[in-house]
Amino acid sequence: MTDWTKARAPGLDDFARLAQAAFEALPAEVRQLTGEVLFRIEDFADEATLDEMGIEDPFELTGLYRGVDIGRRSFLGPAPEAAMVFLYRRPILDEWADRGDLELGQLIEHVLVHEIGHHFGLSDDDIHRIEDEG
């Protein structure tokens with residue numbers, strides 16, 4: 001039996017390691033195509049992001065892609081800002097605890113892959129269809 005009195009919730013650095021491991025587990029072609037995407041781990045999305053997305057409960061947002069997806073970039077225009085994938089620790093932990101049917105690393109991988117899908121220009125519907133087929 002696990003002694004939960006001494007257990008600690010995984011911190012931001014723990015999440016960063018799990019996200020890095022999930023990224024490294026992706027096929028080499030996907031990692032190469034992903035290119036210069038920055039990964040950020042934060043406890044929650046900031047208020048401006050939540051307001052922009054019309055989200056009142058910060059626990060509803062587990063991840064976010066910010067940037068211009070690969071399909072809409074122009075080589076002739078100004079250089080786009082760096083693409084970023086945000087993973088939000090507290091909402092991911094909350095979902096993980098509620099679900100109880102997968103390991104934390106698996107959920108982080110799921111959120112990471114979902115946000116990388118947006119980097120490639122996939123919609124939420126596209127991503128869910130791919131997941132359902134897989």
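Glu-42 pairs up with Arg-40 in a salt bridge (a side-chain nitrogen of Lys or Arg within 4 Å of a carboxyl oxygen of Asp or Glu), and the closest N and O atoms of Glu-42 and Arg-40 are 2.6 Å apart. Arg-40 is partly exposed, with a relative accessible area of 38%; here buried means under 20% relative accessible area, exposed over 50%, and partly exposed in between, using a 1.4 Å probe and protein chains only. The model is a predicted one, where local features need pLDDT of at least 70 and side-chain atom pairs count only at pLDDT 80 or more, while totals for chains, interfaces and linings use all residues. Residues are numbered from 1 along each chain as its sequence is written, and side-chain values use heavy atoms, with hydrogens and water left out.

The structure holds seven salt bridges. Another of them links Arg-99 to Glu-95, with the closest N and O atoms 3.5 Å apart. Both residues sit in helix α4, four residues apart, about one turn of the helix; helices (H or I, at least four residues) and strands (E, at least two) are DSSP runs, numbered from the N terminus. Arg-99 counts as partly exposed at 40% relative accessibility, and Glu-95 does so at 27%. Over in helix α6 (residues 124-133), Arg-129 and Asp-126 are three residues apart, so about one helical turn separates them. Their salt bridge brings the closest N and O atoms to 2.6 Å. Arg-129 is partly exposed at 43%, and Asp-126 is partly exposed at 23%. Salt bridges with shared partners also tie Glu-95, Arg-99 and Asp-101 into one network.

Now for the inside. The largest nonpolar core has 20 residues, and those with the most contacts inside it are Phe-15, Val-85, Leu-87, Ile-92, Leu-104, Ile-108 and Leu-112. Such a core is a set of buried Ala, Val, Leu, Ile, Met, Phe, Trp, Tyr and Cys residues joined through side-chain atoms within 4.5 Å. Two or more residues each come from α1 (12-25), β1 (37-42), β3 (83-88), α4 (89-99) and α5 (104-119), and the largest share, six residues, is from α5. Setting aside neighbours within four places in sequence, Ile-108 is in contact (heavy atoms within 4.5 Å) with Phe-15, Leu-18, Ala-19, Leu-87 and Ile-92. Apart from this core lies another, of eight residues, among them Ala-45, Leu-61, Leu-64 and Tyr-88.

Gly-63 lies in strand β2 (residues 63-66) and is buried at 7% relative accessibility. Thr-49, in helix α3 (residues 47-53), is buried at 6% relative accessibility. Leaving aside neighbours within four places in sequence, Thr-49 is in contact with Leu-61, Leu-64 and Arg-66.
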